[in-house]
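Hi,

Here is the structure I promised to pass on. Have a look at it first, and then read my notes below.

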Amino acid sequence: MSKGLNERGKKVIFTSDRHPDALELCEEAKEFLKKGSILEINWPGYECRRKILDKKIKEHFLNDPEIQEEVLDYIAAHGKENVRILEGLLNKAVAMARLERVKAVDLAFAKESLEESISLIG
């Protein structure tokens, strides 16, 4: 498998949530994967999630509505699974604020509008 790819100058990128040994593959495929670079990418930590939220606010919302810092802390604390969930919580808080014509999103408003979403992500 790897010889044919190398001869043609081709590369393979394989992603998985498990090490090649833990996958249900033939031994040849496992050995092929283990010859490459194996990297573990962890979930973003709290500080990284908080920076992602700050960047999203600057890029997309420009303080319309204004979102208090404690709300961003709250979202960062609960959006642990992945960046999509983190962004989804922020988008929902902003959408609810705009829908209800709220000028500034405080913690009470965020908790109320995100309660169901946060309960679903656990």
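A bit of housekeeping before that. This is a predicted model, so local features need a pLDDT of at least 70 and side-chain atom pairs count only at pLDDT 80 or more, while totals for chains, interfaces and linings use all residues. Residues are numbered from 1 along each chain as its sequence is written, and side-chain values use heavy atoms, with hydrogens and water left out.

Helices (H or I, at least four residues) and strands (E, at least two) are DSSP runs, numbered from the N terminus. Axes are lines fitted to C-alpha atoms, for helices over the stretch in contact, and angles run from 0 to 180 degrees between N-to-C directions.

Start with α4 (residues 69-78) and α3 (residues 46-61): their axes cross at roughly 130 degrees and come within 9 Å. The two helices are therefore oblique to each other (under 35 degrees counts as roughly parallel, over 145 as roughly antiparallel, 65 to 115 as roughly perpendicular, and the rest as oblique). The crossing of α3 and α4 is right-handed, meaning that the near helix is turned clockwise from the far one by less than a right angle. On the α3 side, Y46, R49, R50, L53, D54 and I57 meet E69, L72, D73, I75, A76 and A77 of α4 (contact means heavy atoms within 4.5 Å). Sorted by class, the residues of this contact are seven nonpolar, no polar and five charged. Here Ala, Val, Leu, Ile, Met, Phe, Trp, Tyr, Cys and Pro count as nonpolar, Asp, Glu, Lys and Arg as charged, and the others, Gly among them, as polar.

Next, α4 and α5. Their axes come within 9 Å and cross at roughly 145 degrees, and this crossing is right-handed too. From α4, L72, I75, A76 and H78 meet L86, L89, L90 and A93 in α5. That contact has seven nonpolar residues, one polar and no charged ones.

How do α4 and α6 run relative to each other? Their axes come within 11 Å and cross at roughly 5 degrees, which makes α4 roughly parallel to α6. E70, V71, Y74, I75 and H78 of α4 meet L107, A110, K111, L114, I118 and I121 of α6.

Now look along α6 (residues 107-121), which has a kink of about 60 degrees centred on L114 (the bend at a residue is the angle between axes fitted to the seven residues ending there and the seven starting there). L114 is also one of the buried residues of α6, along with F109, A110, S113, S117 and I118. Buried means under 20% relative accessible area, exposed over 50%, and partly exposed in between (1.4 Å probe, protein chains only). What covers the buried residues includes α4, α5 (83-99) and β2 (104-105).

Finally, two loop residues. K80 sits between α4 and α5 and is partly exposed, at 48% relative accessible area. K80 touches W43 and R49, leaving aside residues up to four places away in sequence. R101 lies in the loop between α5 and β2 and is exposed, at 73%. Phi of R101 is positive, near 55 degrees. Most residues other than glycine have a negative phi.

Cheers
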